[in-house]
Amino acid sequence: MASRPTISKAVIPAAGLGTRFLPATKATPKEMLPVVDKPAIQYVVEEAVSAGLDDVLMITGRNKRPLEDHFDRNYELESALQKKGDASRLAKVQESSDLATMHYVRQGDPRGLGHAVLCAAPHVGHEPFAVLLGDDLIDPRDPLLQRMIEVQEQHGGSVIALMEVAPEQIHLYGCAAVEATAEGDVVRISGLVEKPDPADAPSNYAIIGRYVLDPQIFGVLRETEPGRGGEIQLTDALQQLATDEKLGGPVHGVVFRGRRYDTGDRGDYLRAIVRLACEREDLGPEFRTWLRGYVGQELTEG
């Protein structure tokens, strides 16, 4: 039996307008908003690299040039820090440009996540690949992507990250109909639906922003009609794969029970910053002390 191709490429769609964060995102890409002291997009690239994916394609759009600049060298800044002898900040500046081999392609016509993934076809070719969405930050202590790659290498086809949510929250996510397997954290996916009404949802397993996809997905996406919101939905293409394995193998899900930071809306973004700051060795002790005092004072005065 021929061995399956080793996964080495990651695709990060980053062409959205970030309208929920206006006016901050009028001139600054949402992906560049800082989470403590790094832009959100850097956490995502670091996750891909930690899983062994050092070939990263970013799907961008208009006004996204700062993303390219962030992962490029800044010789003037590096020279200034070098002259000051500021080795610590110099290392932080160089870190982002040394992370991975970065590539960029523009999604000229923003027609949904499925269309963004389809833009990666010429770069990916005939290899399985990972897709990481920037709104979901996965704690590096909980290696979700590595586990998904293991499952894909074992079973072939495609693998989706799933998370159990409260039934009343399922309408905010894509949702999977699942069948148990012999592995406690792995399920077989028999169907998918995008943002269902809670009464119609097949489960409370929500799709979160990590995928490991068989390249056959590109052929399916080319034939997928616009769905919810008039956009080409990746969920719709995966639904076809799940119901007809001849198109591109089975679809499995890895159920994630680790630490996830959602930066998709303003409230969750603020909570993500607080949680990550509290866990930092350099910031956490002092910040937690201040936070306890602040919360205690608010409760007393409230």
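Residues are called buried here when their relative accessible area is under 20%, exposed when it is over 50%, and partly exposed in between, using a 1.4 Å probe and protein chains only. Helices (H or I, at least four residues) and strands (E, at least two) are DSSP runs, numbered from the N terminus. The structure is a predicted model, in which local features need pLDDT of at least 70 and side-chain atom pairs count only at pLDDT 80 or more, while totals for chains, interfaces and linings use all residues. Residues are numbered from 1 along each chain as its sequence is written, and side-chain values use heavy atoms, with hydrogens and water left out.

Spanning residues 87-97, H4 has Leu90, Ser96 and Ser97 as its buried residues. These residues lie on the same side of H4 because they cover an arc of only 130° around the axis, the arc being that of the directions from the helix axis to the C-beta atoms. The buried residues of H4 pack against helices H1 (40-50), H2 (65-70) and H3 (75-84), where contact means heavy atoms within 4.5 Å. Exposed Ala87 and Lys92 sit on the face of H4 turned away from its buried side.

A nonpolar core is a set of buried Ala, Val, Leu, Ile, Met, Phe, Trp, Tyr and Cys residues joined through side-chain atoms within 4.5 Å. The largest such core holds 50 residues, and Leu53, Met58 and Leu145 touch the most other members. H1 gives the most to this core, contributing six residues. Not counting residues up to four places away in sequence, the contacts of Leu53 include Ala48, Ala130, Leu145 and Ile149. Another core, of 34 residues, lies apart from it and has Ala116, Ile232, Ala237 and Leu241 among its members.

His115 counts as buried because its relative accessibility is 12%. With neighbours within four places in sequence left aside, His115 is in contact with Gln107, Asp109 and Ile232.

Strand S8 (residues 158-164) is mostly covered, with six of its seven residues buried. Strands are taken to pair if DSSP finds at least two bridges between them. S8 runs parallel to strand S12 (residues 251-255), and five bridges join the two; Ser158 has Val251 as its bridge partner in S12. With strand S11 (residues 205-213), S8 pairs in the antiparallel sense over five bridges, and the partner of Met163 in S11 is Ala206.
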